[in-house]
Each structure stands twice: as C-alpha cells, then as structure tokens.
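Here is a brief report on one chain. It covers salt bridges, cores, a helix check and a surface patch.

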Amino acid sequence: MRGNALAFYCLGLAAFGLPAASCSQGDREPYYRDCVQLCERHNCTGARLRVFHKLQPLYMMAAGWSCADDCQYNCMWLTVGLYIQEGHKVPQFYGKWPFYRFLFFQEPASAFASMLNGLANYVMLGRYRAAVPLESPMYHTCISFAMITLNAWVWSTVFHTRDTPLTEKMDYFCASSVVLYSIYLCCVRTMGLTHPWTASIFGVLLIGLFTCHIWYLTFVRFDYGYNMAANVLIET
C-alpha cells in the first residue's frame with residue numbers, strides 16, 4: 001500500500017498547475033514567432049479550421065494534436081531549415097531538440113524504447129508472480145515496485161508520444177517515484193524484515209520528500225537541472 005501511495009501522489013499532484021514553458025533560441029527567433037502567428041491566423045480560425053478538423057486523421061485527433069500544434073511543428077522545421085541554410089547549428093525549441101513526427105508519435109524512437117522497457121517490465125512481473133510464493137516476506141513490496149516501474153514506463157511512452165505540460169510532469173515525477181521506491185525496497189530488504197517500524201518510518205519520510213519534490217516543481221519552478229540533480233543525489 002505504501003508503494004501504491006507513491007504512484008497516487010505522482011498522479012494527483014502532477015495534475016495541478018502548468019509551468020511556464022522554457023524559452024530557447026528557436027522559439028525566441030522572430031521568424032518562428034511570425035510564422036506561428038501567421039499560420040494560426042490563416043489556418044486555425046473560421047472555415048479553414050473546420051477544414052483542418054475535417055481532414056485531420058483520427059489518430060492525430062485522438063492524440064490531441066491541434067491546429068496550433070501543427071503550426072508550431074511546421075514552423076519549427078521551417079526555422080531549422082533557415083538556420084541550416086545560413087550555416088548555424090540546429091536550435092532548441094522550448095527547451096527541447098526538434099524531432100520528426102511519425103504518425104502521432106512526437107518522438108518515435110524514444111516512445112518505442114519506452115514501450116519495450118514497459119513490456120519487459122510486464123513480462124518479468126508475470127514471471128515473478130509465477131515463481132515466488134505469495135507468502136514470501138518481500139512479495140508485496142516487490143510487486144508494488146514492479147507496478148510503480150511499469151507505471152513510469154507507461155507515462156514515459158505517453159510523454160514521448162505527445163509532449164504536453166501534463167505528460168511531461170507525469171514522466172518526470174513517476175521516474176522519481178521509481179528512484180525513491182527502489183531506496184525504500186532496499187531498506188525493507190536490509191532492515192525492514194527484522195525491524196518493520198524502521199521501514200515504515202523511512203517510507204513515510206520518502207513520501208514526504210517525494211511530495212515536497214513535486215510541490216516545488218509544480219508550484220515554484222519546473223527546473224530540469226534541479227530535477228536531474230535531485231535524482232542523481234538520491235541515487236548516490
């Protein structure tokens with residue numbers, strides 16, 4: 001149950017507040033901004049917007065791609081082409097490198113890799129359930145860890161399929177939940193079997209740390225550097 005609580009915190013707290021998008025060289029470029037404004041003005045209002053919705057494939061609509069999103073995507077590559085033509089390096093847009101979209105997958109290779117990791121986790125979870133008795137002291141703790149890890153890979157797949165403020169938060173926060181729960185699992189394995197109260201108190205502390213981590217990134221500042229440093233520090 002304590003393990004599932006981490007996943008519920010991840011899901012619930014990440015739904016609150018949308019951080020301001022990080023500006024990068026590409027999206028600060030006047031050419032890009034003018035291109036997006038012109039595209040939205042001409043293609044995302046009135047009759048042309050209705051035509052867009054009529055012609056948009058169902059899989060794109062289901063993934064949440066809007067007319068404005070298409071404008072940003074197309075203008076991003078027009079800007080990249082201009083940079084390359086003038087001999088400059090490819091710029092980032094909103095803190096991320098540009099990727100070619102495939103069907104509705106915004107980052108196809110990363111989404112596919114996340115799916116494979118999630119599938120491997122699911123297969124090993126089934127093997128563990130089949131091989132380990134239900135009465136095993138670590139059974140429920142390991143099952144919870146596998147479920148939290150599987151949840152993280154699902155959200156990683158969703159994020160790389162469709163990058164939005166919410167899916168980005170879920171990807172980062174659920175990854176942090178895996179790191180923290182792995183520490184909890186280590187505590188249970190080394191001390192919790194003989195001193196269960198020690199593991200329980202440590203688990204509560206980790207949930208508190210996880211809550212503060214999410215609160216800071218959600219309501220104070222969504223800082224990529226801080227998130228990376230925090231996870232590396234915890235792992236070490």
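## Salt bridges

Glu-168 is buried, at a relative accessible area of 6%. The model is predicted. The side chain of Glu-168 forms a salt bridge with that of Lys-96, at 3.0 Å from N to O. Glu-168 sits in helix H9 and Lys-96 in the loop between H6 and H7, so this pair ties together parts 72 residues apart in sequence. Asp-163 joins in too: Lys-96, Asp-163 and Glu-168 make one network through salt bridges that share partners.

The count of salt bridges is 4. One of them pairs Arg-162 with Asp-69, at 2.4 Å from N to O. It links distant parts of the chain, 93 residues apart: Arg-162 is in the loop between H8 and H9, Asp-69 in helix H6. Arg-162 is buried, because its relative accessible area of 11% falls under the 20% cut-off.

Asp-70 and Arg-101 form a salt bridge as well, with their closest N and O atoms 3.0 Å apart. Asp-70 belongs to helix H6 and Arg-101 to the loop between H6 and H7, so parts 31 residues apart in sequence are tied together. Asp-70 is buried at 16% relative accessible area, while Arg-101 is partly exposed at 22%.

## Nonpolar cores

Which residues touch the most other members of the largest nonpolar core? They are Phe-173, Tyr-181, Tyr-184 and Val-188, in a core of 19 residues. Helices H8 (139–161), H9 (165–192) and H10 (196–220) each give two or more residues to this core. H9 gives the most, with 10. Another core, of 14 residues, lies apart from it and includes Cys-35, Cys-67, Met-76 and Trp-77.

## Helix H10

Buried residues in H10 include Gly-203, Phe-210, His-213 and Thr-218.

## Surface and loops

A nonpolar patch lies on the surface, with about 700 Å² of accessible area together. Among its residues are Phe-112, Met-115, Tyr-122 and Met-124. Phe-112 is in helix H7 (residues 108–131).

Leu-103 is in the loop between helix H6 (67–85) and H7. Its phi is near 55°, a positive value in a residue other than glycine. Leu-103 is partly exposed, at 42% relative accessible area.

Glu-29 occupies the loop between helix H2 (25–28) and helix H3 (30–43). Beyond its neighbours within four places in sequence, Glu-29 contacts Thr-79 and Tyr-83.

Note on methods. Residues are numbered from 1 along each chain as its sequence is written. This is a predicted model: local features need pLDDT of at least 70, side-chain atom pairs count only at pLDDT 80 or more; totals for chains, interfaces and linings use all residues. Side-chain values use heavy atoms; hydrogens and water are left out. Patches are made of residues with over 30% relative accessible area and no salt bridge: like charges are joined within 9 Å, nonpolar side chains (Val, Leu, Ile, Met, Phe, Trp, Tyr) within 5 Å. Accessible areas come from the Shrake-Rupley method with a 1.4 Å probe; for residues, only the protein chains shown count as cover. Helices (H or I, at least four residues) and strands (E, at least two) are DSSP runs, numbered from the N terminus. Contact means heavy atoms within 4.5 Å. A nonpolar core is a set of buried Ala, Val, Leu, Ile, Met, Phe, Trp, Tyr and Cys residues joined through side-chain atoms within 4.5 Å. Buried means under 20% relative accessible area, exposed over 50%, partly exposed in between (1.4 Å probe, protein chains only).
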